[in-house]
Amino acid sequence: MNNRKTLLLLAMGLVIAAALGLGSSIYLVRRERASARANAQNAKVIRFAKDPETAPPFLLRDLNGKIVSIADGKGKVMILNFWATWCPPCREEIPEFVKLQAAYKDKLLIVGASEDEDGPQKVEQFAQRFGVNYPIVMATKELIDNYGGVPALPTSFLIDPQGRVVQKHTGLYEYEVYDREIRALSGLSVDARIETFADDGQIFLKNAANATELPDVDLSGLTPEQKKDALHRLNAETCTCGCKLTLAECRINDSSCPVSKGAAADVVKRVRAGQPEPPQAPPAEAQQSPKT
């Protein structure tokens, strides 16, 4: 009998301990989730270019034949979105842009620049199917070049009401990112901290020459003069991956490129060793034999 009581008390004790442990675990989980939410809230940051450049102008016809220009966005936030119907992440973000345009119709103008090569008919069919409520133009080579080449889709340029490019987003971004940026640029309340950054190629690659740091390029241990020399060489030597960019531009434009990563490391190695800069190859025209 006593043994049965002892076993019963022991079982009850285990149940109570388990309940307390479970309660403690639930509390810890809830506390961790609350902490994660607080950290996420504190981590909301909007970043805009400190000295934004004026957006390159354009004058194109949309799918309905109406002229669309950079002037149409005056006084509004403009998103110039380079995309294509065959691009999966582009297709995924289109409904979000439709939602944004509807939510901020008086403060926002989205312009879709399609890089489809099959012509506007296919793009128009896509736009009708997805209920696109903003103008779509067919991207020209001039437009693409003026905005830095646009090597990846989707790529969106965020233009403020003064017509200046304040940010560039490459790839798929959450709805909330654009929502906060639009609100901030429109003077509406926003639940995020606003920071500024110098455009060292993040928006326009031509500004890569101003960069003091490059993705996955280890400049540590160099003297100020050596670092200056290394950056000069990285902005002078062309990457051989086929991108036709300098090593610095390629590192910023495509940080996953193994060619520019290896070549950049070699440049830094030569600078550390005090090796002189190799002579640059003369232009192709100069290499041709003179006519006789």
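**Cysteines, strands and loops**

Student: Cys 239, buried or exposed?
Tutor: Cys 239 is buried, as its relative accessible area is 5%. Buried means under 20% relative accessible area, exposed over 50%, and partly exposed in between, with a 1.4 Å probe and protein chains only.

Student: What should I bear in mind about the model and its numbering?
Tutor: The model is predicted: local features need pLDDT of at least 70, side-chain atom pairs count only at pLDDT 80 or more, and totals for chains, interfaces and linings use all residues. Residues are numbered from 1 along each chain as its sequence is written, and side-chain values use heavy atoms, with hydrogens and water left out.

Student: How accessible is Cys 250?
Tutor: Cys 250 has a relative accessible area of 2%, so it is buried.

Student: How many disulfides does the whole structure have?
Tutor: The search of the whole structure finds one. It joins Cys 87 to Cys 90, with an S to S distance of 2.4 Å.

Student: And which hand does the disulfide of Cys 87 and Cys 90 have?
Tutor: It is right-handed, because the torsion about the S-S bond is about 75 degrees. Both partners, Cys 87 and Cys 90, are buried.

Student: Let us move to the overall fold. How many helices and strands are there?
Tutor: The protein chain has nine helices and 10 strands. These are DSSP runs numbered from the N terminus, helices being H or I of at least four residues and strands E of at least two.

Student: What share of the chain is buried?
Tutor: Of its 292 residues, 37% count as buried. As for contacts (heavy atoms within 4.5 Å), among those with a separation of 6 or more, 68% are between residues 24 or more positions apart.

Student: Where is Asn 81?
Tutor: Asn 81 belongs to strand β5, residues 77–83, and is buried with a relative accessible area of 0%.

Student: What does Asn 81 touch?
Tutor: Setting aside residues up to four places away in sequence, Asn 81 touches Glu 93, Phe 97, Val 111, Gly 112, Ala 113, Pro 154, Thr 155 and Ser 156. With Glu 93 there is also a side-chain polar contact of 3.0 Å. A polar contact is a pair of N or O atoms within 3.5 Å; within protein, one must be able to donate a hydrogen and the other to accept it, and residues adjacent in sequence count only if both atoms are side-chain atoms.

Student: Pro 154 is in that list. Which peptide bond joins Pro 154 to Leu 153, cis or trans?
Tutor: The bond between Leu 153 and Pro 154 is cis, with omega about -5 degrees. Pro 154 sits in the loop between α4 (141–146) and β8.

Student: Next topic: Val 166. Which strand holds it?
Tutor: Val 166 lies in strand β9. Val 166 is buried, at 4% relative accessible area.

Student: How far is Val 166 from Arg 47?
Tutor: They are 119 residues apart in sequence, and their C-alpha atoms are 8.4 Å apart in space. Arg 47 is among the contacts of Val 166 beyond four places in sequence, which also include Phe 48, Leu 158, Leu 185 and Ile 203.

Student: Now backbone angles. What is phi of Asp 216?
Tutor: Phi of Asp 216 is near 60 degrees, a positive value in a residue other than glycine. Asp 216 lies in the loop between β10 (193–197) and α6 (224–236) and counts as exposed at 54% relative accessibility.

Student: And what is phi of Lys 244?
Tutor: Phi of Lys 244 is also positive, near 65 degrees. Lys 244 is in the loop between α6 and α7, and at 75% relative accessibility it counts as exposed.

Student: What does Thr 238 touch?
Tutor: Beyond residues up to four places away, Thr 238 touches Lys 244, Leu 245, Thr 246 and Leu 247. Thr 238 is found in the loop between α6 and α7. Its C-alpha atom is 9.6 Å from that of Ala 263, which is 25 residues apart from Thr 238 along the chain.

Terms used:
Disulfide = S-S within 2.5 Å.
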